[in-house]
Amino acid sequence: MESAHHSPNEPDAPFLQTDPPHWIARGLSTLLLVLFITAFLIAALVRVPETVTGSFVLVPERGADPVRAAREGTITDVRAKEGVHVHKGATLFVIRSQAIGDRAAEMRSLEVQRGGSDQRLANAQAERASQRRADELEAHRLDAKVASLGRVVALKRKQLVTARDIADRAKRGAQQGVVGSWDSDKLVLEADQLATEVESTTAEQEETRASLAKLRQDTLTRAVQHRELVRALEQEGEMSRARLESMRGQITGVGGDLVITAPCDGTMLRMLVSTSGAVVQAGDALGEVACDGQRLQVEMDVGQQAVAHVRVGQGAKLLYDAFPYQRFGVKFGLVRWVGPASVMPRAGGSADAREFRALIDAADSTILVQGEARPLLAGMRGTARVVTGKRTLISFAFEPIRALRENFSSPPSATPTRPATGA
């Protein structure tokens, strides 16, 4: 029988040994144990930041100006785009409305009314000028007549004094028999006739003065009436002009379409109506415009599952789409406010997926691009990561165990209550 052991003088077998040396096995086991302990210590001790991620948009701190539909109708043209800069008075939406068609007819009626008011005002001015010239001529004539009658009265009074003196002398001569009684009576009659003429001329002078005073009073009355008529016509014209200006700012085209314009120079922040054919009611919001010159803040969308972890004062990382962080770096901010209630999602989102809003104060208002500071603009979008805390790596491994435990747990049973019994 062959021996199982090789003698020392026999040569080695031509094959490798199947069992590794004892020091390799011991070293491998030690290495694995060290790696396991190291991995366990890293998982238990190393804490990594836990973040809540959501999209954001830059909005003015004092809010955006809403763009609303002034009348009900159908959107026929959408000329604005979200994130595009617009100028004050630029056309954003065009609405076709029956009410606007009626308003166009009203505008034409107002134009006719305004033209009539202007014509009436011109006629009143011309009539007033003509009446004033006639009154001036009549007053000049009456003044001349009063002066003339005054001179006539003065002359006749002198003649009357002379005639009475001659008549008195004739009476005394008739009594003395020097002058005949017939001559004396004739002179007395002439004196009485002159007295009558003086009274008549004086009365005519007073009547002329009264006519002059009445003319001046009538002139003042007509001036007051003319001023009141002019005021009423000018007020009517201004009202028509103001209504026409407001209508012309909204209505254009033969069909009487309603044009919704930008309220200021700014950026179209949101488009609540982005396609034509939508039916809107009076007062419906069509979009929002962020006016230039306002301080910007970050408005972040927070999901339902993440809102419980976001708190005021937490730091945030801001990754702008316009300035990729791989090239321009990560910007930072601080959470200032968290919305107390959910709101409708932005344009394009599902109406059922309501979300919360959080406001973040950005630390930077400009970003350095090739040595030049570029300002951040309203409407710029990106991704925000709010650091809500830190967790160990091993805690992530226990999440499936927690989920399994929650699945097997049962709710507490309700304790039956006895009905109240009377005494």
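**Exercise 1. Which residues form the nonpolar patch on the surface, and what is their accessible area together?**

Step 1. The patch consists of Leu-33, Phe-36, Ile-37, Phe-40, Leu-41 and Leu-45. Together they have about 630 Å² of accessible area (Shrake-Rupley method, 1.4 Å probe; for residues, only the protein chains shown count as cover). Patch members need over 30% relative accessible area and no salt bridge, with nonpolar side chains joined within 5 Å. A salt bridge is a side-chain nitrogen of Lys or Arg within 4 Å of a carboxyl oxygen of Asp or Glu.

Step 2. Take Leu-45. Helix α1 (residues 22–45) contains it; helices are DSSP runs of H or I, at least four residues, and strands are runs of E, at least two. Leu-45 counts as exposed at 60% relative accessibility (exposed is over 50%, buried under 20%, partly exposed in between).

This is a predicted model: local features need pLDDT of at least 70, side-chain atom pairs pLDDT 80 or more, while totals for chains, interfaces and linings use all residues. Numbering runs from 1 along each chain as its sequence is written, and side-chain values use heavy atoms, without hydrogens and water.

**Exercise 2. Find the aromatic pairs in the whole structure and classify them.**

Step 1. Ring centres must lie within 6.5 Å; planes under 30 degrees apart are stacked, over 60 edge-to-face, the rest tilted.

Step 2. Phe-56 and Tyr-320 are edge-to-face, at 5.4 Å centre to centre and 90° between the planes. Phe-56 sits in strand β1 (residues 47–60) and Tyr-320 in strand β12 (residues 315–320), so the pair ties together parts 264 residues apart in sequence. Both Phe-56 and Tyr-320 are buried.

Step 3. Phe-323 and Phe-328 are edge-to-face, at 5.7 Å and 90°. Phe-323 counts as buried at 10% relative accessibility, and Phe-328 counts as buried at 19%.

Definitions and conventions. Rings of Phe, Tyr and Trp (its six-membered ring) pair if their centres lie within 6.5 Å; planes under 30 degrees apart count as stacked, over 60 as edge-to-face and the rest as tilted. Buried means under 20% relative accessible area, exposed over 50%, partly exposed in between (1.4 Å probe, protein chains only). Patches are made of residues with over 30% relative accessible area and no salt bridge: like charges are joined within 9 Å, nonpolar side chains (Val, Leu, Ile, Met, Phe, Trp, Tyr) within 5 Å.
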